[in-house]
Structure formats: C-alpha cells, structure tokens
Amino acid sequence: MIIGRRVAAALCGTLAALMTGALAAPAAAEPVRETDPPKVNFVLDVSGSMSERDIDGDTRMNAAKRAFNDVIDFIPEGVHFGIRTLGADYPGDDREGRGCVDSSQLYPVGPVDRTEAKTAVATLAPTGWTPIGYALQGAVRDLGDGDGMRRIVLITDGEDSCGDPEPCEVARELAASGIGLTIDTLGLTPADSAVREQLGCIAEATGGTYTAVQDTDQLADRLKQIVERTAEVRVETPTVVDGADECADAPLLGAGVYSDRQEFGEHRRYRVQVAPGRELRASVSVAADRPMDRDHGVLLRLLSEDSRELVRGSTAGHGRTDVIATGLRHPSEAESEETLCLEVSHSFSAPDDVQRAPGMPVELTVDLAAAADTPSDVAAFGLARGWFPLLVLTLTGLAAGVLWGLIRRVLA
C-alpha cells in the first residue's frame, strides 16, 4: 500500500507539473541581432589654458593625462576606443585662419593598444585655441558608420573660442541627422556659468550628460562610468523619417524605430498598415534639448482612414524634464488589412530667445504583434495575478484529486 500511494502521489505530481508547466512555458527567446562594436571617442582640450594649476595642485593637462592612463587600462575588450585633440598643434595668434581648425586624430578609433594609446597621450602639452565645434565634427568622422553604440566624450576646461561652427548647433544637427550618436561633456574648470551652459547644451542635444569635475579621481571615475555604459548598451539605430502635416501624405512605416524633428505647435503624422489578427503597439518620446517653459505634454493618437480617433496615449509634466514619452495599443478587428494614421503632437513651449529650428528630437517606435486573443504565453492573461491563478490551481487540484482516487482503487 505504501508503494501504491507513492506511485499515485508521483503521478499526480507529474500531472500538476505538466499542467502548470505547459501553461507557463515562456515563449522562445528572439535571436539577438549582431551589431557593430561599441565605439567611444575622447575629445581632449589641449589649449593653452590647460596649463593652469588648479586641479590637485597640478596642471589641468597633467590631471587629464593621469585620468586617461587610468581609463585606458579600464577599457573592456570589444570596445573600440579613440582620441581626438583640439588646440594641440598651433600656438600662434592666427585664431580664425589656423587656430579654429586645430583639431586632429591622436589615436584612431579601434581595438585599443594600451601602450600605444598611453604613449600618444604622454606627448601632449597645452598649446592653442579651443575649436570645440570643429573638433566635434571631426570626432563624428572618426567614429565612421555602423549600427553599434557610438559615443563622443568631450573633456575641456573652457567654452569654444571660435564660434563657427557653434558647438551647440553642431550637436543639434547631429541629433537631427538620426545617426544614433551621444555626446557626454566634462568641464574641468571651477564653476563658470558660460562653460556650464555651453557644455550642458551640447550634451542635452544628443541625450548625453554634462559633469563638472574637481579632481583627477573624479575625472577618471566619470570617464570609466561612461566607457562602461558604452560597452553595456545595445542599440537599434533609428531610421530617419519626415512626418507629414496630413495623413494622406504621411510616410508608411513598418515595425521599427524612427526619428524625426518637431517644432513647437506642429503635428507630425505617419501611416501604418495593420493586418487582421495583429495588434499595433506604438510609443513616442520627445526630447527637450533646449531651455523650456515649465508645463508640457505629449499626445499620441491613432486615427482611422476616415480620421476617426481609435485610441490615444498622453502624458504631461512640469519642471525640468529631459524626455517625455507616451504610448498606445490597438488590436485590429478589421477583416482585411487597414491603413491607420499615427499623429504626434506636444505642448512644449519656450522663451522667445530660444531657437525654434531644428525642431525637438522625436523617436517613434512601432511594433506589430500578435493580437491579444492569441497570446504566445500565459502571461498575456495575467498569470500570478487576478482570477486566473485561482482558476488554474482549482482545476489542477480537482484533476489531481480525481486521479488520486482512481489510482488508489486500481492499486488497492
């Protein structure tokens, strides 16, 4: 009898495991798309002001060199690394003719040779002017094309001394071009409102960060954090699109990630084709890449072919917000493929002295998934919450009890 009970218990346990395991089996993982290696290009200010002695009792240049040596040892395998300088070669007074084009590639972007990279940094000495905008344009060329993470890190002790091209405008143009690039900025000087404003603007335009550093350790730690983040992030480069004022003229989008620009008071529209049995899932984010007024919001609407609103997603906020986003879902109930229209609008506003063009960065994500009535796994019904787990456990217990009784009678 003991053996019979054990057999019965084992069979019932197996039944329960099969019932719950089959229901809860996760969907097969999607294959990860291979991308190019992540790339990070350091742009180092080597202008004459880097000879000032106000960091750890030493010059700004020597503090930067020590931090660079520390970071070069830290760079993970698989990350491509490069260095570009600005103000490193021309010591003269011809600022506009030669000083404002004084930027060159010190170490090419690629797999890092630590000895070679450190030797290149050791040769630097404070020399010339500060052509930040020109150097950023060169740094983008150094990185080349590709669909992996690309990041520029600007380390400087002052603002641009040339004005053409203006650094913040360069950053905005890069963001508008949709090349999937982030610029982080680090300031080496004591608190200076002009430097903070310019470096903050460069970073914000591309979704990067600005950090004021006071000593060598802080500089090295911040550079390591940025390199580590570059190594960890996998990206899908958005496709640049140009939304239209009217749905009839809007570009037709498939599943993917898209980038656009939207000025104040403007509506951007995009078309999406949804097949029967599919669910459209869309999200949009708008980046505040310039000074804004306090209150703002973003609205995403889905319109039918006759301009009837089907569903909407919206969000609002106030104060300092870098990015604001919303989304929506719509399962198709049509018997044939239908063409729908996504409409993006926002309520951002800015002081009169803030530049309007180019518009603010917009990123739109479109996914066409299986409709909710044919879920790929039990999680779509809410496993582990609500009535569903109670129903599963009740039916499983009932079936196991009936089976237990039958088996015991047979084995008795």
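Student: How are the bonded cysteines of the protein paired, numbering them in sequence order?
Tutor: The pairing is 1-2, 3-4, 5-6. Please keep in mind that this is a predicted model.

Student: How many disulfides does a search of the whole structure find?
Tutor: The search finds three disulfides. One of them joins Cys 100 to Cys 162, with an S to S distance of 2.1 Å.

Student: Where in the chain do Cys 100 and Cys 162 sit?
Tutor: The pair links distant parts of the chain, 62 residues apart. Cys 100 is in the loop between strand 4 (80–86) and strand 5 (103–110), whereas Cys 162 is in the loop between strand 6 and helix 5 (167–176).

Student: Why does Cys 100 count as buried?
Tutor: Its relative accessible area is 8%, and buried means under 20%.

Student: What about Cys 162, at 22% relative accessibility?
Tutor: Cys 162 counts as partly exposed, because that class lies between the buried limit of under 20% and the exposed limit of over 50%.

Student: Moving on, which cysteine forms a disulfide with Cys 168?
Tutor: Cys 168 forms a disulfide with Cys 201, and their sulfur atoms are 1.5 Å apart. This pair also links distant parts of the chain: Cys 168 belongs to helix 5 and Cys 201 to helix 6 (residues 193–205), 33 residues apart. The link of Cys 168 and Cys 201 is left-handed, with -50° about the S-S bond.

Student: Are Cys 168 and Cys 201 buried or exposed?
Tutor: Cys 168 counts as buried, at 5% relative accessibility. Cys 201 counts as buried at 17%.

Student: Which residues lie nearest the centre of the second largest pocket?
Tutor: Cys 168, Arg 172, Glu 197, Cys 201 and Pro 291 lie nearest its centre, out of 19 lining residues.

Student: What is the volume of the second largest pocket, and which element gives the largest share of its lining?
Tutor: The volume of the second largest pocket is about 360 Å³. Helix 6 gives the largest share of the lining, seven residues. Helix 5 and helix 6 each supply at least two residues of that lining.

Student: Back to the remaining disulfide. What is the partner of Cys 247?
Tutor: Cys 247 forms a disulfide with Cys 341, their sulfur atoms being 2.1 Å apart. Here the two distant parts of the chain are the loop between strand 9 (239–240) and strand 10 (252–253), which holds Cys 247, and strand 17 (residues 338–346), which holds Cys 341. The two cysteines are 94 residues apart. Their link is left-handed, with -80° about the S-S bond, and Cys 341 is buried, with a relative accessible area of 3%.

Student: Changing topic: how many residues of strand 7 are buried?
Tutor: Seven of the seven residues of strand 7 (residues 181–187) are buried, and the strand is mostly covered.

Student: Which of its residues point which way?
Tutor: Leu 181, Ile 183, Thr 185 and Gly 187 point one way from strand 7, and Thr 182, Asp 184 and Leu 186 point the other way. In a regular strand the side chains alternate between the two faces of the sheet.

Student: Does strand 6 run parallel or antiparallel to strand 7?
Tutor: Strand 6 (residues 150–156) and strand 7 run parallel and are joined by seven bridges. In strand 7, Leu 181 is the bridge partner of Arg 150. Strand 7 also pairs with strand 8 (residues 210–212) in the parallel sense, over three bridges, and Gly 187 stands opposite Ala 212 there.

Student: And strand 18, with which strands does it pair?
Tutor: Strand 18 (residues 360–370) pairs with strand 11 (residues 256–262) in the antiparallel sense over seven bridges. Nine bridges join strand 18 to strand 13 (residues 278–287), also antiparallel. In strand 18, Met 360 is the bridge partner of Gln 262, and Glu 363 is the bridge partner of Ser 285.

Student: Finally, how many helices and strands are there in the protein?
Tutor: The protein has eight helices and 18 strands. Of its 412 residues, 44% count as buried.

Terms used:
Residues are numbered from 1 along each chain as its sequence is written. This is a predicted model: local features need pLDDT of at least 70, side-chain atom pairs count only at pLDDT 80 or more; totals for chains, interfaces and linings use all residues. Side-chain values use heavy atoms; hydrogens and water are left out. Buried means under 20% relative accessible area, exposed over 50%, partly exposed in between (1.4 Å probe, protein chains only). Helices (H or I, at least four residues) and strands (E, at least two) are DSSP runs, numbered from the N terminus. Two strands pair if DSSP finds at least two bridges between them. A disulfide is a pair of cysteine sulfur atoms within 2.5 Å. On a 1 Å grid over the protein atoms alone, a cavity is a set of points where a 1.4 Å probe fits but cannot get out, and a pocket is an open set with protein on both sides within 12 Å along at least five of seven lines; lining residues have an atom within 4 Å of a point. Grid points are joined across faces, edges and corners, and a volume is the space filled by probe spheres set on the points.
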